[in-house]
Amino acid sequence: MKRLCAVVLVAVFSLSRELHSGSIEATVRDRTGAPVSDAVVYAIGNGARPAPAKRQAIIDQQNKQFVPYVTAIQMGTAVMFPNKDNIRHHVYSFSPAKRFELPLYTGVPAEPVVFDKVGFVTLGCNIHDWMIAYVAVLPTPYFQVTGKEGRAALKNVPAAQYTIEVWHPLLKGAPENLAQKVDLAAGTKQLVFTLDLKPNFRAKRAPGLSNGGYP
Amino acid sequence: MKVAGLTILSASFVISFNLARADWRFEAETGGVYDSNLSNSDRASDVKDDWAWKADATIANGWQLSRDLRLTLAADLRSRLWARFDALDTIGGGTLARLRYRFGLGSDAPWILLENRIGYDRYRDTAWSNWNESTRLRGGVAVSPRLALELGYEFENRTAPDDFYDLQGHTVDARVIADLTPSWQLALGYSYREGDVVSFAVPPRPDIASISLVRRGPPIFGTNPLYNGYRLTGRTHTVSVSLGYGIARYVSLQFGYEYAVTTHDPLEYENHLVEAKLAFAY
């Protein structure tokens, strides 16, 4: 009898959570209407900020590239930087949200890097200048990075009022300028964001007019 | 001396095959070059122009010795096939050692490099075949995320069986490289060279002969009329413009134009050099 009660209680709790949560489906495009990949869509609750996450994330180095190019994490997340190449990399960031350096290494570093401040972090490799990646450190657990089709879906977001923002490494201006307010109840909210993007002048792997002494 | 240096460089390169954590890079480029005055002649009637197909390949191995210091060893092959004056067809190879120091972390940090290359170029007209060595000191700084400045000095030394073709030169140069768009790069350069040049002219040229060593009748530019070669020390000012276009992740197209003026009173000649090539790096 007690077991039955417990099962019923869990079911009711789950159902009520389902009934009191919703989803946000965002479509991100540029000014020409083309889908934008690697954009971070995130929902910030208008109430109290959630506690920092105790999660882990991974950013690989493969074939002299960071994978993935854009990673979204909640503030407090520990990120490992395994080097899957058989050469050494030297990962660094000058970004105010997280300054750090993982000096020349192969394999998996002993300690992860904890991103404990909200902001957007640019990663580089001191040896391979074309290796660039970005980390969006967010004050919320509700986020997703858009794929090639420019879509992101935030699911099981508790019913409340949210500000939905979008960030991209090439975004002109601040994400706050694109913010949309949403009063989320059960069901799905559809949002469309149109971004102004800067040209991408990141270092290229193709031979250029100067190699700066590399290799 | 050159053979010893070449041996040491080659041995280092071979040994490097066996070392772990080496950072391999393969580069290749092919295309066409045009020289409006291949004969380096001062009189319009003597000028011989030609274009060549070129193909170069380099395999390099790099080691990051510390955060800021990088060692590169490389081996290369290069070739030129001229459309008309095939005496100047060339195939050559060499090895290179380079130390680069970057003053800080990241791609924007200023850098300086010291490089030595030793090679051998074989010409179809073997009198031109030579051992050659070049030593370069070069530095660069990123003025902004889209603009870089480079300054360099190079000493080159060629040694041929016939010492008439032994050539030495000192060159200083400056280049500005700008990212025009995410795909297009532009470089503007200026260089000044002081060193040996060989100018060809139809004799008699007592005016040049008085200031140069003369080689009578090398058959490079034909035999009717027969040209003489005049070796002298010339001063060459060159301005250049280059455009690069990234086609794909590992491939780019590059175009270059150079205008060079070489003088040694009373001699003065001009060269217009045009180049278009496809470059690959992996």
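This is a predicted model: local features need pLDDT of at least 70, side-chain atom pairs count only at pLDDT 80 or more; totals for chains, interfaces and linings use all residues.

Student: What makes the largest nonpolar core a "nonpolar core"?

Tutor: The term means buried residues of kinds such as Val and Ala, joined through C-beta atoms within 7 Å. The largest one has 44 residues, and V40(A), V41(A), V135(A) and A136(A) touch the most other members.

Student: Which strand gives the largest share of this core?

Tutor: That's β12(A), with 6 residues. Several strands of chain A supply at least two residues each, including β1 (21-30), β2 (40-45) and β17 (187-195).

Student: Why do you say that this core lies between domain 1 and domain 2 of chain A?

Tutor: Domain 1 (23-48 + 142-199) and domain 2 (51-139) both give residues to it, so it lies between them.

Student: What does V40(A) touch?

Tutor: Leaving out residues up to four places away in sequence, V40(A) touches V70(A), A72(A), A136(A), F143(A), V145(A), V166(A) and W167(A). A touch here means C-beta atoms within 7 Å.

Student: Now chain B. How do you know that β4 and β5 of chain B pair?

Tutor: Pairing needs at least two bridges. Strands β4 (residues 90-102) and β5 (residues 111-123) of chain B have 13, in the antiparallel sense, so by that cut-off they pair. As one example, G93(B) stands opposite Y120(B).

Student: What joins β5(B) to β6(B)?

Tutor: There are 11 bridges between these antiparallel strands, and a hairpin links them through 6 residues. Across this pair, D121(B) stands opposite N130(B).

Conventions
Residues are numbered from 1 along each chain as its sequence is written. Chains are lettered from A and ligands numbered from 1 in the order in which they are written. A residue is buried if 20 or more other C-beta atoms lie within 10 Å of its own, exposed if 12 or fewer, and partly exposed in between; C-beta atoms are placed from the backbone. Helices (H or I, at least four residues) and strands (E, at least two) are DSSP runs, numbered from the N terminus. Domain bounds come from an automatic or database domain assignment. Two residues are in contact if their C-beta atoms, placed from the backbone, lie within 7 Å.
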